[in-house]
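Trainee: Could we go through this model together, setting each value against the rule behind it?

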Amino acid sequence: MEDKRRRARVQGAWAGSAKGQAIAQPATPAKGHLHQRTGQTWTNQEHHLSDKQFVFKEPQQVVRSAPEPRVIDKEGVYEISLSPTGISRVCLYPGFVDSKEADWVLEQLCQDIPWKQRTGIREDVTYQQPRLTAWYGELPYTYSRITMEPNPHWHPVLRTLKNQIEENTGHPFNSLLCNLYRNEKDSVDWHSDDEPSLGSCPVIASLSLGATRTFEMRKKPPPEENGDYTYMERVKIPLDHGTLLIMEGATQADWQHRVPKEYHSRKPRINLTFRTVYPAPPGARW
């Protein structure tokens, strides 16, 4: 009896050992799931890669082109740029002064205003301004190192025009810079009306009388352009007889403007630029 129990224990141990071995062995996958041998995959990939040929390509250079200028010649309010400085805005009002009235005003101002050609200074070089100017206002005004002395004696026509512009725009003005372009050779170079005496975000109201001239604007370049204006936005505005142009917002901070010389003959043109001048703080020199 004891021998039978011993044999049963031994057989049971064998059975348990066989069962554990069966569990530990991984299952053999079915033959239908085998597509190719392990080495065959790499052989095919190497053969596929060897068919490709290396071709050197030079890096593509980015070609920049100067943008076409935007032309503004219809009545309206135009936001020409938006920057951290603010919105730059121009407002164009053709025919603000009736043609016949503008003819009379042009004749009166050509005769009565004390026009004078002044000497400017730029980069320590003196030059004769290619236009005639006059100043009206109770405060002096300095630009391009030229100081216009106070002149509170407004011509009656100029005072009337100032009042009309103030009523229609809602902007008050206390000063006026007059420019007379005698012919196509007279001009004003690139600049901004950003003198400290005009305050921040000045409003400039420009009334044109006489021959049509093109008013050009260009956006000031960011620091990475190193002063290069080649690829900056540009605007062209033809200013006809009796047209009023308003520049406001960040226009003077972010843009420059000019009236270039013309290739074709041009009759005289008067440009009246109304503005507000503030007195210099005590001890400051503008």
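Mentor: Let us begin with the pocket, which is defined on a 1 Å grid over the protein atoms alone as an open set of points with protein on both sides within 12 Å along at least five of seven lines, whereas a cavity is a set of points where a 1.4 Å probe fits but cannot get out; lining residues have an atom within 4 Å of a point. Grid points are joined across faces, edges and corners, and the volume is the space filled by probe spheres set on the points. The model is a predicted one, in which local features need pLDDT of at least 70 and side-chain atom pairs count only at pLDDT 80 or more, while totals for chains, interfaces and linings use all residues. Residues are numbered from 1 along each chain as its sequence is written, and side-chain values use heavy atoms, with hydrogens and water left out.

Trainee: What is the volume of the largest pocket, and which residues lie nearest its centre?

Mentor: The volume of the largest pocket is about 590 Å³. Its lining has 34 residues, and Arg 122, Arg 131, Val 188, Asp 189 and His 191 lie nearest the centre. Elements giving two or more residues to this lining include β4 (119-122), β5 (125-128) and β10; helices (H or I, at least four residues) and strands (E, at least two) are DSSP runs, numbered from the N terminus.

Trainee: How do the residues of that lining divide into nonpolar, polar and charged?

Mentor: There are 14 nonpolar, 11 polar and 9 charged residues in the lining, where Ala, Val, Leu, Ile, Met, Phe, Trp, Tyr, Cys and Pro count as nonpolar, Asp, Glu, Lys and Arg as charged, and the others, Gly among them, as polar.

Trainee: What makes Glu 123 count as exposed?

Mentor: Exposed means over 50% relative accessible area, buried under 20%, and partly exposed in between (1.4 Å probe, protein chains only). Glu 123 has 72% relative accessibility, so it counts as exposed, and Asp 124, with 66%, is therefore exposed too. Glu 123 is found in the loop between β4 and β5, and Asp 124 is found in that loop as well. Most residues other than glycine have a negative phi, yet phi is positive in Glu 123, at about 50 degrees, and in Asp 124, near 65 degrees.

Trainee: How do you know that β2 is joined to β3?

Mentor: Two strands pair if DSSP finds at least two bridges between them. Strand β2 (residues 76-83) and strand β3 (residues 86-93) are joined by 7 bridges and run antiparallel. Leu 82 stands opposite Ile 87 in β3, and a hairpin through 2 residues joins β2 to β3.

Trainee: Why do β1 and β10 stand at the edges of a sheet?

Mentor: The open sheet has 5 strands in the order β1-β13-β12-β15-β10, with mixed pairing. Both β1 (70-71) and β10 (188-191) have a single partner strand, so one side of each is left without a neighbour in the sheet. For β10, that partner is the antiparallel strand β15 (residues 255-259), to which 2 bridges join it.

Trainee: What makes the largest nonpolar core a core, and which residues have the most contacts inside it?

Mentor: A nonpolar core is a set of buried Ala, Val, Leu, Ile, Met, Phe, Trp, Tyr and Cys residues joined through side-chain atoms within 4.5 Å. The largest has 29 residues, and Leu 109, Leu 158, Cys 178, Leu 272 and Phe 274 have the most contacts inside it. Apart from it lies another core of 17 residues, among them Tyr 78 and Met 247.
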